[in-house]
Amino acid sequence: MKTVLLTGCAGFIGFHVGSRLLESGHRVIGIDNLNQYYNEGLKHSRLALLLDRSAFRFQQMDITDRSKVEKLFRENEFGPIIHLAAQAGVRYSLENPYLYIDSNVTGFVNLIEEARKKRVPHFIYASSSSVYGANKKTPFSETDYVDHPVSLYAATKKSNELIAHVYAHLYGLPVTGLRFFTVYGPWGRPDMALFKFCKAIWAGTPIDVYNNGNMLRDFTYIDDIVQGVVRILEEVPGWGRPDAASDDSSALYRLYNIGNNHPVKLTRLIEILETEIGRKAQINWLPMQPGDVPTTYADISRLAGVVGYRPGTSIEVGVGRFVTWYREYYKL
């Protein structure tokens with residue numbers, strides 16, 4: 001089986017993707033800078049589970065350090081790259097702009113440039129539903145106009161898409177971008193709504209709900225996301241291949257939404273949490289925050305047509321699994 005370079009391996013999605021790759025027989029070289037954007041202990045706990053596997057090797061490093069990235073590529077042999085390392089968070093990007101440019105743009109270029117030099121067979125990277133901004137047409141399609149981002153985080157992800165296309169076009173590097181839609185589940189990020197709401201309800205403290213609760217999110221369970229990522233690993237863009245993702249570009253470049261195709265109102269998420277936890281939430285109703293969007297809703301027909309992607313986890317089942325994990329992890 002292939003040796004895969006996986007960046008952001010101690011992150012939420014990276015940990016689950018790494019686990020699935022190892023289970024299916026791949027060898028994985030994982031890198032992560034283990035920054036303290038959120039509870040560092042959670043990242044170390046995820047990483048410890050990966051380190052238990054003999055086919056996993058870890059290197060702590062920051063992709064913004066070009067010399068270390070060059071050394072990584074020089075000293076290791078691997079096939080495809082799954083690039084998930086990035087500075088996440090829409091609101092945090094408003095307060096820390098340089099951090100996002102360094103990690104999400106400079107770090108991205110450092111990796112894809114070395115991938116070009118090494119002639120990597122497939123470069124897969126994480127984009128985001130945030131690139132759609134306040135798109136009014138639903139569901140969001142890969143062919144929609146996305147030149148008006150409403151957060152710096154979204155702008156960095158759109159930049160990744162443009163840079164990736166250039167490398168595919170100029171150098172024949174096979175590249176696939178994945179626009180993730182509100183991923184949730186066990187081992188999830190503490191800065192995401194589900195985790196924050198669960199923590200607050202358990203503690204009996206108020207939760208902040210923006211746009212007075214009139215938010216729709218295409219919540220996508222982590223197992224469904226991993227299914228799509230692992231399947232796309234084998235779907236390498238090729239010259240003149242007839243598929244559902246050709247667009248108007250002749251480059252070895254593909255772009256897919258990876259979501260649930262079923263938006264859920266934020267108040268419904270809270271109701272499910274209340275049922276699972278057995279407590280009522282105290283809610284602070286607040287107006288829309290800068291950088292937020294009212295709706296996300298993925299058209300997944302392109303990914304379904306190419307690799308048979310079919311999300312199968314309802315919000316009720318997914319939230320229930322998250323709460324079970326939360327209870328066990330925090331010994332509640």
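1. Arg268, Leu269, Ile272, Leu273, Glu276 and Ile277 of helix 9 are in contact with Ile315, Glu316, Val319, Gly320, Val323 and Arg327 of helix 11, where contact means heavy atoms within 4.5 Å. Sorted by class, this meeting of helix 9 and helix 11 involves seven nonpolar, one polar and four charged residues. In that sorting, Ala, Val, Leu, Ile, Met, Phe, Trp, Tyr, Cys and Pro are nonpolar, Asp, Glu, Lys and Arg are charged, and the others, Gly among them, are polar.

2. A word on what you're looking at. This is a predicted model, in which local features need pLDDT of at least 70 and side-chain atom pairs count only at pLDDT 80 or more, while totals for chains, interfaces and linings use all residues. Residues are numbered from 1 along each chain as its sequence is written, and side-chain values use heavy atoms, with hydrogens and water left out.

3. Now the geometry of that pair. Helix 9 (residues 266-277) and helix 11 (residues 315-329) have axes that come within 10 Å and cross at roughly 50°. That makes helix 9 oblique to helix 11; angles under 35 degrees count as roughly parallel, over 145 as roughly antiparallel, 65 to 115 as roughly perpendicular and the rest as oblique. Helices here are DSSP runs of H or I with at least four residues, strands are runs of E with at least two, and both are numbered from the N terminus.

4. Helix 11 also packs against helix 7, at an angle of about 55° and with the axes 11 Å apart. That makes helix 7 oblique to helix 11. Leu194, Phe195, Cys198, Lys199 and Trp202 of helix 7 make this contact with Val319, Phe322, Trp325, Tyr326 and Arg327 of helix 11. By class, the contact of helix 7 with helix 11 has eight nonpolar, no polar and two charged residues.

5. What sits in the middle? The largest nonpolar core has 71 residues, and Ile13, Val17, Ile82, Phe180, Leu273 and Val319 have the most contacts inside it. Such a core is a set of buried Ala, Val, Leu, Ile, Met, Phe, Trp, Tyr and Cys residues joined through side-chain atoms within 4.5 Å. Helix 7 (residues 193-203) gives the most to this core, with seven residues. Apart from it lies another core, of 28 residues, including Phe73, Leu111, Ala251 and Leu255.

6. Just after helix 7, Gly204 has a positive phi of about 75°.

7. Is Cys9 buried or exposed? At 0% relative accessibility, Cys9 counts as buried. You'll find Cys9 in the loop between strand 1 (3-7) and helix 1 (12-23). Leaving aside neighbours within four places in sequence, the contacts of Cys9 include Gly30, Ile31, Asp32, Leu47 and Phe58.

8. Phe58, in strand 3 (residues 56-60), is partly exposed at 26% relative accessibility. Not counting residues up to four places away in sequence, Phe58 touches Cys9, Gly30, Ile31, Asp32, Leu34, Leu47 and Leu51.

9. Asp292 is buried, with a relative accessible area of 15%. Not counting residues up to four places away in sequence, Asp292 touches Arg91, Val150, Tyr210 and Met215.

How values were computed
Axes are lines fitted to C-alpha atoms, for helices over the stretch in contact, and angles run from 0 to 180 degrees between N-to-C directions. Buried means under 20% relative accessible area, exposed over 50%, partly exposed in between (1.4 Å probe, protein chains only).
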